[in-house]
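Thanks for asking me to look this one over. Below are a few notes, written as numbered points, to read alongside the structure.

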Amino acid sequence: METFEQIDRIEKMISEARRPPFTSNIIVNEEEMYDLIAELRQILPEEYKQARWIVKERQEMLEEAKKDAERLVQEAIERAEKLV
């Protein structure tokens, strides 16, 4: 289950929780809440690792594109100098 789905489940549990009269507090099932939090803790490291990999890949692609662009500009300058 994805992180946001897990967060949605926690929000739903909170929104459906009972409220004691004359308070802004809520009553939730402690065991269910801890279970949801434990599941979320298991999900986050893997998604974090995937996100870091994506950022790394993106950075490598940008660096490669920059090198290609610089090479093309240099080739264009050299070609223009030969034509002059």
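**Notes on the model**

1. Lys-49 and Glu-46 are joined by a salt bridge, with 3.5 Å between the closest N and O atoms. Please keep in mind that this is a predicted model. The two residues sit three apart in helix α2, so about one helical turn separates them.

2. Lys-12 pairs with Glu-16 in another salt bridge, where the closest N and O atoms are 4.0 Å apart. Both of these residues are exposed. How many salt bridges does the model contain? The count comes to five. As a general point, side chains of opposite charge can pair when their charged atoms come close.

3. Glu-2, Glu-5, Asp-8 and Glu-11 form a negative surface patch. Of these, Asp-8 lies in helix α1 and is partly exposed, with a relative accessible area of 46%.

4. Please take a look at Phe-22, which has a positive phi of about 65° although it is not a glycine. Most residues other than glycine have a negative phi. Where does Phe-22 lie? Phe-22 is in the loop between α1 (3-15) and α2 (30-83). Its side of the story on accessibility is plain: Phe-22 is exposed, at 88% relative accessible area.

5. Tyr-34 is found in helix α2 and counts as exposed, because its relative accessibility is 54% and the cut-off for exposed is over 50%. The C-alpha atoms of Tyr-34 and Thr-23 are 23 Å apart, and these residues are eleven apart along the chain.

6. Finally, a word on the record. An unreviewed UniProt entry annotates residues 55-82 as "coiled-coil region". In the model, this span, 55-82, is 100% helix and 0% strand, and its end C-alpha atoms lie 41 Å apart.

Terms used. Residues numbered from 1 in each chain as written. Predicted model: local features only at pLDDT ≥ 70, side-chain atom pairs only at ≥ 80, totals over all residues. Heavy atoms only, no water. UniProt positions renumbered as here; feature names shortened; annotations may be inferred. Helix = DSSP H or I, 4+ residues; strand = E, 2+ residues; numbered from the N terminus. Buried < 20%, exposed > 50% of the residue type's maximum accessible area, 1.4 Å probe, protein only. Patch = residues over 30% accessible without salt bridge, like charges linked within 9 Å, V, L, I, M, F, W, Y side chains within 5 Å. Areas by Shrake-Rupley, 256 points an atom, 1.4 Å probe, with all protein chains shown as cover. Salt bridge = Lys/Arg side-chain N within 4 Å of Asp/Glu carboxyl O. Lys, Arg positive; Asp, Glu negative; His and termini not counted. Charge placed at Lys NZ, Arg CZ, Asp CG, Glu CD.
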